[in-house]
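Grab a pencil and work through a few exercises on the model shown here. Try each task yourself before reading its solution.

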Amino acid sequence: YDLWLRYRALPAAEAARLAPHARAIVAPATTSPMLDAAIGELQRGVGGWLGTAPARTDEVRAGAIVLAMPATRGATAAWFDGLGQEGYRVLRTRLEGQSVTVIAANTDRGLLYGSFAYLRGIATDGAQKAPDLRSTPRLPLRLLNHWDDLNRHVERGYAGASIWHWWNLPDILDQRYTDYARANASLGINGAVLNNVNAKPDILTAPFIAKAAALANVLRPYGIKVYLSVRWSTPLELKATATADPLDPAVAAWWRAKSDELYAAIPDFGGFLVKANSEGQPGPHDYHRSHAEGANMLARAVAPHGGIVMWRAFVYSEDKPTDRARQAFDQFTPLDGQFDKNVIVQVKNGPIDFQPREPVHPLFGAMPRTPLLMEFQITKEYLGFSTHLAYLGTMFEETLRTDLRPGIGAGGQAATVTRVLDGTLDHGQATGMAGVANIGTDRNWSGSHFDQANWYVFGRLAWNPEAGAEAIAREWAAQTFSRAPRVVDTVSAMMMASREAVVDYMTPLGLHHVMGTGHHHGPAPWVDNLARPDWNPVYYHRADKAGIGFDRTAHGKGGSGSAGQYAPALARLYEDPASTPENLLLWFHHLPWTYTTRSGRPLWDELVHRYDAGVTAVAAMQKQWDSLAPYIDPQRHADTAQRLKVQHREALWWRDASIAYFQSINGLPLPAGARAPA
Ligand code: GCW
């Protein structure tokens, strides 16, 4: 339950190092809820480690932790240089003649983040070095998207029910809300969309606004703004208007009045998230209006209050059977430049749907006049739910570091996806990242202990997209399990290899969308009887007697052309199998089973080899985890071991079912040396 904020009693030697430097907390006299939250956390942390919490005082004394703002007596101006509104500096120094630890920031929000950074530093190094930290966030919007329904079901949730207890709100405030806010603040997450993008009109009725306002009150001291997902047709369904046409004045007036009502209840309300004309959701297309016309109408309703609209680009047509991977690009690029200033288009990391591996979404880098927000999925809809161990840090990092214009930046800075988000590539406006949360009422919050790491790494990368998945895995492991080098090395090694293992046993070489229909757990590459062709796995792998893969090139026979949606330098790579990264080979190409892969093996043999490698990697994780039994508490050790056992069984299932199915199509024998199906 404590996540990475465990604060257990320190071993004597470490406590002896920390105690002389954490004797009291000196804070600015003017107090605020955020400052109180920072002080409360420092007391909780140091109190947990040392047995007694340092008292708050306004007098600088030796060994104190001083929360300093520019007006603090004796403060050095240089501490605050370049910290902006959210950054912090932590250092050991002298103040008024006393040796102290300073946490410096321009704002109480910066002090809150600095306090958590100070605590993280001690939790990861055992108070060995004097703290010396400085950080500012690279992206302003660091958001969780909850796909939580108002009946507490969580869409694609694998960690219990929704933590939002809608029928007890607004009067009864669960302690979990505060602990949720603390965990997010420790990462710098500063916004939460409370409800599912498949939204219900009810969320905008007075009772639910009161409930959301009560949550906003709990989250505010931790620097977290509340946002809501809204259903396009809300005024129509609430029978307040006769249409939901965005150009109808009555519709616009309804949204304006609704926004005023929201801001009266939640003065710092963040804005709306919208899924429109996607998977059956209503939207402006129902009235022959564009996404831009729809988004702008809503944007104008919240603009007077400083609110934003996050308009999702997750769309694929119901009636035009073109390659699903190209449809968002086709629909949205013509709208570049048509969105109001306070609209941000929210784009999933890849063009299909949160697969274990996808190429980057072609909209990144293709909307130079529109700010784009990254949407990652923290909950593992397509990666084995909360049963399979898969650390997503490597996947997020792969997307963020993708060079959208390879070769072009030679000599300069690469055109990475991160630079689309921080605004330095094109349009100049920094946006951020949204993560579809994996949080629920399970005692461990995320379904499994290791899934806590995916919440953690999302938050840390949203703060600094260049932080490095491995460094983040190590600091998470140290805070969550133990600082013992053996534990940190082994746990982080498991994590770093884990996502590739999933790719290997589920969707090697660029295969995708071959999971069981609807629930998306387990293999089902054979399914071809669903209502829409683009829901069927066979549509995506296209295996036949001669070969396998989806031809997305421009020139190939029947190629869908989606490779050509990338900037020319990247498109060129993807157009040719020889230059396509092998891990995306079958995403972009339909190739004969005999095609020679980089290992020298024919494609069929390579595929079988990868399935095998995935299973072997899971067995290796089991061994690594077993070796840690002496270092990890029995409850968490056993829970993880059980999940790894299921993962191993299901990896075998994936391998054997996939191989058997593809053999039924190609009639090829198992390559020499491959393991016979278990
Ligand atoms: O990933 C898919 C899911 C749907 C989800 C949709 C979306 C909220 O299977 O459950 O709906 O994407 O992102 O809108």
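This is a predicted model: local features need pLDDT of at least 70, side-chain atom pairs count only at pLDDT 80 or more; totals for chains, interfaces and linings use all residues.

Residues are numbered from 1 along each chain as its sequence is written.

**Exercise 1. Work out the strand order of the open sheet and find its edges.**

Step 1: Start with the order. The open sheet has six strands, arranged E2-E1-E3-E5-E4-E6, with mixed pairing. Strands here are DSSP runs of E with at least two residues, helices are runs of H or I with at least four, and both are numbered from the N terminus. Two strands pair if DSSP finds at least two bridges between them.

Step 2: Now the edges. Strand E2 (55–57) and strand E6 (132–135) each have a single partner strand, so one side of each is left without a neighbour in the sheet. From one strand to the next, the twist averages 30°; axes are lines fitted to C-alpha atoms (for helices over the stretch in contact), and angles run from 0 to 180 degrees between N-to-C directions.

Step 3: Check the pairs. Strand E1 (residues 24–26) runs parallel to strand E3 (residues 64–68) over three bridges, and Val-26 sits opposite Val-66 in E3. E3 also pairs in the parallel sense with E5, over four bridges, with Ala-104 in E5 as the bridge partner of Ala-68. E4 and E5 run antiparallel, joined by seven bridges. Their hairpin has two residues between the strands, and Glu-96 there takes a positive phi near 50°.

**Exercise 2. Explain why E3 counts as largely enclosed.**

Step 1: Count burial. A residue is buried if 20 or more other C-beta atoms lie within 10 Å of its own, exposed if 12 or fewer, and partly exposed in between, with C-beta atoms placed from the backbone. Five of the five residues of E3 are buried, so the strand is largely enclosed by the rest of the structure.

Step 2: Look at the faces. In a regular strand, side chains alternate between the two faces of the sheet. In E3, Ala-64, Val-66 and Ala-68 are buried on one side, and Ile-65 and Leu-67 on the other.

Step 3: Helix H2 (residues 33–50) lies across E1, E2 and E3, at about 165° to E1. Helix H3 (residues 108–125) lies across E3, strand E4 (88–95), strand E5 (98–104) and E6, at about 75° to E4. Contact means C-beta atoms, placed from the backbone, within 7 Å.

**Exercise 3. Are Glu-279 and Glu-381 buried or exposed?**

Step 1: Glu-279 is in the loop between strand E10 (271–274) and helix H8 (291–302), while Glu-381 is in the loop between strand E13 (372–377) and helix H10 (393–401).

Step 2: Count neighbours. Glu-279 is exposed because 11 other C-beta atoms lie within 10 Å. Glu-381 is buried because the count there is 21. Leaving aside neighbours within four places in sequence, Glu-381 contacts Arg-156, Phe-354 and His-520.

Step 3: Turn to the ligand. Residues around the ligand include Glu-279, Asp-353 and Glu-381, using a C-beta atom, placed from the backbone, within 6 Å as the cut-off.

Definitions and conventions: Two residues are in contact if their C-beta atoms, placed from the backbone, lie within 7 Å.
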